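Subject: Handing over a structure

Dear colleague,

Please find the structure below, and take some time to look through it before reading on. My notes on what was found follow after it.

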Amino acid sequence: KQAIEKDSKNKNVLLDIAADERRHYIALREHTGKDVSANGVQVIFYVWLARLFGLTFATRQLEINEKNVSGVYSQYSELEHFAEMALDEEKHEQQLIGMINEERLSYMGSVVLGLNDALVEFTGALAGFTLALNDTKLIALTGSITGIAAALSMASSEYLSTKSMYTGIAYVITVVALVMPFVLLTNTLAALGIMLLMALLIIAFFNYYYAVARNESFRRRFIEMAILSFSVAAPSFLIGYLLKIVAGIDA
């Protein structure tokens with residue numbers, strides 16, 4: 001990865017870590033008498049992981065595995081080099097915390113805002129539309145108009161303040177994913193169920209990415225966001241039903 005990294009600071013740290021890892025390999029080879037080659041599949045996997053999701057995410061994901069390795073080294077601290085290798089692994093983790101300066105992470109707060117707002121607001125809106133309208137195509141049309149209008153509004157506000165549009169893009173992607181079940185299905189309750197499942201998957205995916213990149217707890221963030229989104233969807237579903245009765249709509 002360091003061969004394609006453009007930022008000189010990031011590249012230098014990656015080179016230092018690679019040099020440490022090579023020393024570890026040489027020490028392990030001396031103790032085991034075994035020579036192994038790199039796993040080509042894993043190398044390709046992590047290179048593309050870095051390309052798609054950023055260097056921070058890819059290196060943090062590697063560090064999760066390195067924590068386990070550090071524990072193994074510590075168990076054999078009486079052996080030559082092993083205590084040093086355990087300290088190296090701890091040093092790597094600390095270096096990686098502050099080594100990377102990625103634009104996508106500097107705007108992570110905007111993406112959090114976009115996804116959180118879209119998931120909470122939009123799952124509630126679609127749940128309300130489900131019983132109020134009782135027609136998947138009409139729900140999809142109404143939801144799309146509502147969602148895209150909100151996304152454009154949020155994107156324009158963000159652009160005026162930060163000259164970026166990460167929040168708007170995140171909002172639009174979420175809107176498309178949540179509306180799609182109503183486009184593809186005719187049963188409103190089935191579409192609602194799949195929409196809520198899609199919301200849960202989006203919450204899980206994004207919070208895993210955020211937790212790894214920011215070295216935070218995935219479980220806590222996932223549970224908080226999931227409860228918040230579904231807590232809004234449940235009363236919205238009931239409100240849609242009550243408004244349908246009050247308005248005298250027979251659909």
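Which residues does Ser229 touch, not counting residues up to four places away in sequence? Before the reply, please note that this is a predicted model, in which local features need pLDDT of at least 70 and side-chain atom pairs count only at pLDDT 80 or more, while totals for chains, interfaces and linings use all residues. Residues are numbered from 1 along each chain as its sequence is written, and side-chain values use heavy atoms, with hydrogens and water left out.

Ser229 touches Leu119, Val120, Thr123 and Ile203, where a contact means heavy atoms within 4.5 Å. Ser229 belongs to helix H10, residues 218–247 (helices are DSSP runs of H or I with at least four residues, strands are runs of E with at least two, and both are numbered from the N terminus). With a relative accessible area of 1%, Ser229 is buried (buried means under 20% relative accessible area, exposed over 50%, and partly exposed in between, with a 1.4 Å probe and protein chains only). Ser229 and Ala118 are 111 residues apart in sequence, yet their C-alpha atoms are 9.4 Å apart in space.

Turning to the chain as a whole, the protein chain has 10 helices and zero strands, and 40% of its 251 residues count as buried. Among contacts between residues at least 6 apart in sequence, 71% join residues at least 24 apart.

Helix H8 (166–184) deserves a separate look. Its 19 residues should span 27 Å at 1.5 Å a residue, and its end C-alpha atoms are 28 Å apart, which agrees (the expected span is 1.5 Å times one less than the number of residues). H8 bends by about 30 degrees at Leu178, with a proline, Pro181, following within four residues (the bend is the angle between axes fitted to the seven residues ending there and the seven starting there). Among the buried residues of H8 are Tyr171, Leu178 and Pro181.

Finally, Tyr159, Leu160, Met165, Ile169 and Ile173 make a nonpolar surface patch of about 540 Å² (patches are made of residues with over 30% relative accessible area and no salt bridge, like charges being joined within 9 Å and nonpolar side chains, namely Val, Leu, Ile, Met, Phe, Trp and Tyr, within 5 Å; a salt bridge is a side-chain nitrogen of Lys or Arg within 4 Å of a carboxyl oxygen of Asp or Glu; areas come from the Shrake-Rupley method with a 1.4 Å probe, and for residues only the protein chains shown count as cover). Helix H7 (136–162) and helix H8 (166–184) each give two or more residues to this patch. Met165 lies in the loop between H7 and H8 and is partly exposed, with a relative accessible area of 42%.
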